Amino acid sequence: MSRCQPVSEIPPMKDLTTDNITDNVKILNNQCPQARSRYIFDRLVSHLHDFVRETRLTTTEWQTGIDFLTAAGQISNDLRAEMILLSDTLGVSLLVDAINHPRHGNATEGTVLGPFHTHDAPVADNGYTLHHDEEAAKLFVLATVRDASGRPIPGVVADVWEGDAHGFYDVQNPHRDQPDGRAVLRSDDDGLFYFTAVVPVPYPIPMDGPVGSMLTHLHRHPNRPGHIHFMLRKPGWDPLITALYPRGDPYETSDPVFGVKESLIVDLGTVDDTIAQKYNVKAGTRLLTYDFILVQEEEAARLRQELATKAVEEMGLGVAIENGLPVLDVD
């Protein structure tokens with residue numbers, strides 16, 4: 001990554017006021033040779049300074065914000081992603097995903113990654129059982145991965161994870177010594193992958209950290225509707241991060257991380273004798289079936305560029321589009 005090199009010829013930064021501080025900060029930032037970085041920091045400074053001016057932010061309030069972000073960083077680690085949780089609860093995660101992975105037609109919509117994904121899930125064969133709690137209500141998940149024309153896509157890596165029968169993820173267990181409730185599978189020649197999970201239940205997001213304090217202050221409830229996470233990846237295809245939500249959950253319409261979409265709400269069925277014999281699963285087990293539709297990378301890139309061009313035209317910023325992203329052109 002190239003470094004931003006300062007230049008010697010810049011206007012003197014003196015007598016700064018609430019009216020001229022923003023433009024002066026931009027002058028310094030615009031010494032960066034990377035057009036995309038110039039644009040990002042131009043808009044960041046503009047919106048951040050406008051926020052301070054519009055709210056007449058007090059010194060005490062700003063320090064509270066700094067302390068809040070510091071605490072969120074300090075509580076985060078490899079198994080606890082408080083900053084992701086903050087992004088989720090402010091709706092930023094869903095917005096970023098929707099912009100970066102646009103979908104149209106019958107393509108499966110994405111949603112938030114959430115703070116509980118890990119990189120230590122076992123690589124397993126189809127038919128794997130995520131949980132071994134004999135008391136839990138089992139759910140057989142039978143899914144296919146296809147293109148927009150309905151053709152199966154083999155060899156798709158399917159990273160799946162969920163909470164247990166009480167709504168807790170393995171990373172919330174202080175005695176966790178190995179992954180549980182997660183696996184990495186692969187679609188077969190028919191685009192099929194399948195596994196046994198537990199019927200998802202609603203659960204509260206972690207409330208013992210800064211994000212929990214924020215939700216309490218805002219009088220927001222912490223309860224997510226039950227769901228199972230999926231991350232589908234294969235070279236040549238736009239990655240899909242999504243989740244499926246059994247219909248009828250009491251928090252279906254008030255998800256604190258804004259992850260529920262109508263197309264991702266599913267009706268659960270029951271494993272019949274045919275499915276039971278074919279996949280070696282007990283008849284009568286709850287059943288979730290779903291057809292995931294992926295988008296080719298080229299199509300996703302074209303759609304991103306089209307939507308980015310439209311967005312900057314509507315904002316009237318007069319910026320250019322480079323590699324599908326808006327950039328600030330500074331001479």
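A cavity is defined, on a 1 Å grid over the protein atoms alone, as a set of points where a 1.4 Å probe fits but cannot get out, and its lining residues have an atom within 4 Å of a point. Grid points are joined across faces, edges and corners, and a volume is the space filled by probe spheres set on the points. The model is predicted: local features need pLDDT of at least 70, side-chain atom pairs count only at pLDDT 80 or more, and totals for chains, interfaces and linings use all residues. Residues are numbered from 1 along each chain as its sequence is written, and side-chain values use heavy atoms, with hydrogens and water left out.

Two cavities of 30 Å³ or more were found by this rule. The largest cavity holds about 50 Å³ of space. Its lining consists of Leu85, Asp88, Val112, Gly114, Pro115, Phe116, Tyr169, Tyr203, Ile205, Arg224, His229 and Val257. Classified with Ala, Val, Leu, Ile, Met, Phe, Trp, Tyr, Cys and Pro as nonpolar, Asp, Glu, Lys and Arg as charged, and the others, Gly among them, as polar, this lining comprises eight nonpolar, two polar and two charged residues.

The second largest cavity holds about 40 Å³. It is lined by Glu162, Gly163, Asp164, Gly167, Tyr169, Pro200, Val201, Tyr203 and His227, which divide into four nonpolar, three polar and two charged residues.

The domain assignment, with bounds from an automatic or database source, gives domain 1 (92-205 + 221-295) and domain 2 (302-330). Six residues of domain 1 and four residues of domain 2 take part in the contact, where contact means heavy atoms within 4.5 Å. The centres of the two domains, taken over C-alpha atoms, are separated by 34 Å.

The area buried between domain 1 and domain 2 amounts to about 360 Å², with 65% contributed by carbon and sulfur atoms; buried area is the accessible area (1.4 Å probe) that two parts lose on being put together, summed over both. Of the area that domain 1 buries against domain 2, Asn100, Pro102 and His104 supply 82%, more than any other three residues.

One salt bridge is counted between domain 1 and domain 2, the criterion being a side-chain nitrogen of Lys or Arg within 4 Å of a carboxyl oxygen of Asp or Glu. Asp238 forms a salt bridge with Arg304, with the closest N and O atoms 3.7 Å apart. By class, the side of domain 1 that touches domain 2 has two nonpolar, two polar and two charged residues.

Terms used:
On a 1 Å grid over the protein atoms alone, a cavity is a set of points where a 1.4 Å probe fits but cannot get out, and a pocket is an open set with protein on both sides within 12 Å along at least five of seven lines; lining residues have an atom within 4 Å of a point.
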